[in-house]
Amino acid sequence: MKQRMKMRTLSALALAVGIAFAVPAAAGEVEVLHWWTSGGEAKSVGELKKILESKGDKWKDFAVAGGAGETAMTVLKSRVVSGQPPTAAQVKGPGIQEWAREGVLANLDDVAAAGKWDSLLPPVVSNVMKYQGHYVAVPVNVHRVNWMWANPEVFKKAGATIPTTWEEFAVAADKIQKAGFIAVAHGGQPWQDSTIFEAVALGTGGADWYKKAFVELDQKALNSPQMEKSFATLRIVQKYIDKDAANRDWNLATAMVINGKAAMQFMGDWAKGEFTAAGKKPGKDYICMPVPGNKGTYTFNIDSFIMFQQKDPSAKSAQAHLAAAIMEPQFQEVFNLNKGSIPVRLGMNLDKFDQCAKDSAAEFVAASKSGKLVPSWAHEMAMPPANKGAMFDVVTGFMNTPSMTPKAAAEKMATAGAKK
Ligand code: BGC
C-alpha cells in the first residue's frame with residue numbers, strides 16, 4: 001500500500017528481531033507517543049504517568065495534538081523512518097498489524113503470560129493485539145463511538161424531546177434552532193465527519209450490511225441503496241450544524257453542549273471525559289443515549305499501545321513495566337473513570353463507574369451476542385488506513401459539496417474501498 005513506510009532494511013539493521021522480554025529489572029525511561037491532549041484525556045494519561053513513576057521509571061511525554069490521532073501517526077512514521085522510534089505509541093486496529101509487518105515491534109509474550117492476558121481479554125480484542133500469534137500491543141480500554149450527548153436543559157427550554165430516530169431528530173432540531181440554540185455541536189474535521197457518518201450508516205443499513213461494507217469492503221455493499229440513504233440522512237443532520245464548525249476541535253464542540261450553547265453532539269465516549277473533567281453528572285447535567293437509530297448496536301474503538309524494540313536493558317525493562325501496568329486493575333479503573341471509556345480487562349468491578357459506563361459494558365455484551373457489535377472504521381478499527389483515509393475524503397467531500405448527490409457519494413465509497 002502507498003502509505004506504507006519502507007523500513008524493512010532499516011529495522012533489520014537497527015533492531016534485533018523476535019527477542020521476547022527479559023524479566024523486568026532496572027528502572028529506565030519510556031517515551032510515550034499519544035494524542036491525549038484535551039482536558040479529560042490529559043487527566044487520564046496523567047494517571048498512567050503516575051503509575052509508571054511509582055515503579056521508579058521515568059515518563060517522557062510525546063503528545064501530538066489532533067483528535068483521532070492523524071497528526072500523531074504522521075509524526076510517528078517520520079520518527080521511525082529516521083531510526084528514533086519512541087518506546088511506545090498509541091496505535092490501533094489494523095494499524096498494529098501494519099507496524100508489526102515492518103518488523104520493528106517488541107514481542108510482549110512474556111509480559112502477557114505473566115499478566116494472564118489471554119484469559120483476561122475477550123478474543124475480539126486479543127486477536128487484534130497479536131501478530132502471528134504473538135502479543136505486539138497492549139489494550140487500554142473500550143470506547144463506544146455511537147453515542148449522543150445531550151444537554152437536557154436546552155431540550156427543555158426549546159420544548160423538544162431527546163430523539164431516538166432521525167425523524168424525531170429533525171423535529172427536535174427545528175425546535176432547538178427556533179429557540180435560539182445550536183442543535184448539533186460539531187467540528188468540521190474529516191474524522192469527526194466520518195464519526196457521525198458511520199453511526200448514521202449503521203442505523204440506516206444495519207449491522208450485517210455495515211460489516212459487509214466497512215469490514216469486508218464489499219463493492220456491492222459499498223455502492224448500494226443503503227449507502228445512498230445514509231448520505232441522504234447525513235445531509236439532513238448537516239442542516240443543524242452551525243456555520244462556525246469548520247475545523248473546530250471535538251472537545252470545543254463538547255464544551256458547547258456542556259455550556260448550554262448547543263443541544264447535542266454525536267461523539268464517542270471520550271466526550272464523557274470532558275463532562276467528567278467539568279464536574280458534570282450523567283442523568284442530571286447531561287444525557288448519554290445511542291445515536292438516533294443505533295439502539296442495540298455498538299461501534300467499538302479500542303485504544304492500545306504498540307511497543308518498539310529496545311536495545312538498552314533498562315529501557316526494555318521500563319517498557320515491560322509500562323505494558324504490565326496498562327493491564328493492571330488499578331490502571332484500568334482510574335484511567336477509564338477519567339477517559340469516559342470502560343475497562344478492557346474482563347471481570348473488573350464497575351461500582352465506581354457511572355450509568356453511561358455501566359450501559360456501555362452491558363450493551364457491549366448484548367450487542368456481541370446479537371451480532372450487532374461492530375468495529376468503528378472512523379477510529380481505525382475496521383479497515384487498512386489507506387482505505388479509511390479515502391473514505392474520509394469522500395464523506396468530508398460530500399459535506400463540503402452541497403451539489404454532490406448521495407448516489408455519486410456511494411459510487412465514490414466503492415472506489416475508496418477498493419484494494420489500495
Ligand atoms: C481515540 C480516543 C481519543 C479520541 C479523540 C479516538 O480515536 O480512540 O482515545 O480520545 O480519538 O482524540
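Which residues in α2 meet which residues in α14? Keep in mind that this is a predicted model, then select Gly39, Gly40, Glu41 and Lys43 in α2, along with Gly273, Glu274 and Ala277 in α14: these are the ones that meet. Sorted by class, the α2 contact with α14 has three charged, three polar and one nonpolar residue.

Four strands make up an open sheet with mixed pairing, and the order to follow is β9-β10-β8-β11. At the edges, pick β9 (182-184) and β11 (287-290), each of which pairs on one side only. From one strand to the next, the twist averages 20 degrees.

Stay with the sheet and select β8 (residues 147-150) and β10 (residues 262-266): the two run antiparallel, joined by three bridges. For one of the pairings, click methionine 148 and then its bridge partner in β10, phenylalanine 266.

Last, the sulfurs. Select cysteine 288 and cysteine 356, which a disulfide joins at an S to S distance of 2.2 Å. Cysteine 288 sits in strand β11 and cysteine 356 in helix α17 (residues 355-370), so the pair ties together parts 68 residues apart in sequence. Check the torsion about the S-S bond too: about -105 degrees, so this disulfide is left-handed.

Key. Residues are numbered from 1 along each chain as its sequence is written. This is a predicted model: local features need pLDDT of at least 70, side-chain atom pairs count only at pLDDT 80 or more; totals for chains, interfaces and linings use all residues. Side-chain values use heavy atoms; hydrogens and water are left out. Contact means heavy atoms within 4.5 Å. Ala, Val, Leu, Ile, Met, Phe, Trp, Tyr, Cys and Pro count as nonpolar, Asp, Glu, Lys and Arg as charged, and the others, Gly among them, as polar. Two strands pair if DSSP finds at least two bridges between them. Axes are lines fitted to C-alpha atoms, for helices over the stretch in contact, and angles run from 0 to 180 degrees between N-to-C directions. A disulfide is a pair of cysteine sulfur atoms within 2.5 Å.
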